[in-house]
Amino acid sequence: RVHITRFAVRSPTGVGDAHGTGNIFSFGHSLQVLDLTFGLIDDQPAVIESLKREVRWDDIPVAKIYTANSAREARMVIKNFEVDALLTDIEMPEEDGLSLFRWMREHYPQIEGVFITAHADFHYAQEAIHMGGFDYILQPFRGEDVVATLRKVADNVKIAIRGGVVD
């Protein structure tokens, strides 16, 4: 069962995120040492709602999910909260997901990145993978495809945390 709570992010100008609200989705099961934290980034709230609804989050070892509607909000989340992986739209106004990923790789190289987009342009996929993105998901997505990708991400993060040791 998913519990939704509000959070405030401390920004350079004070307390609050870009819109004054945000969401953390905490899961009701007891946290295990390797339950992960994901970020969902998309400028369209309907896409985030669809991900929340269509993905069976209980099938992924996830403790929390942070959401953001822009690269700027995503940066604030990444700076203020521990995030293991980011699922981000590529095409967003002001700043695209590829630029966000470049910044993330420079400042937080341990965070895995998965890209989502409605555009099947091979150039995007090529650039995302070239920069070290974990995967690329086309919209409309199927929940089970997102789960499969995020489970692989989780396995990859666990291996990195354990220094290459796998259960």
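The structure is a predicted model. Its protein chain contains 5 helices and 9 strands. Read from the N terminus, the elements follow the order β-β-β-β-β-α-β-α-β-α-β-α-β-α. Of the 167 residues in the chain, 48% are buried. The accessible surface amounts to about 8900 Å², and carbon and sulfur atoms contribute 50% of it.

Phenylalanine 38 belongs to strand β5 (residues 36-41), whereas tryptophan 57 sits in the loop between α1 (45-54) and β6 (62-68), so the pair ties together parts that are 19 residues apart in sequence. Phenylalanine 38 and tryptophan 57 are both buried.

Helix α4, which spans residues 122-130, is the second stop. Here Tyr124, Ala125 and Ala128 are buried. These three residues lie on the same side of α4, because they cover an arc of only 95 degrees around the axis. What do the buried residues of α4 pack against? Their partners are α3 (97-107), β8 (112-117) and β9 (135-138). The other side of α4 carries Phe122 and His130, which are exposed. After α4 comes glycine 132, with a positive phi near 100 degrees.

The last stop is glutamate 95, found in the loop between β7 (85-89) and α3. Is glutamate 95 buried or exposed? Its relative accessible area is 17%, and buried means under 20%, so glutamate 95 counts as buried. Which side chain does the side chain of glutamate 95 meet in a polar contact? The partner is the side chain of arginine 75, at 2.6 Å. When neighbours within four places in sequence are set aside, glutamate 95 is in contact with Ala71, Arg75 and Leu100.

How values were computed: Residues numbered from 1 in each chain as written. Predicted model: local features only at pLDDT ≥ 70, side-chain atom pairs only at ≥ 80, totals over all residues. Heavy atoms only, no water. Helix = DSSP H or I, 4+ residues; strand = E, 2+ residues; numbered from the N terminus. Buried < 20%, exposed > 50% of the residue type's maximum accessible area, 1.4 Å probe, protein only. Areas by Shrake-Rupley, 256 points an atom, 1.4 Å probe, with all protein chains shown as cover. Arc of directions from axis to C-beta. Contact = heavy atoms within 4.5 Å. Polar contact = N/O pair within 3.5 Å; in protein donor to acceptor, adjacent residues only side chain to side chain.
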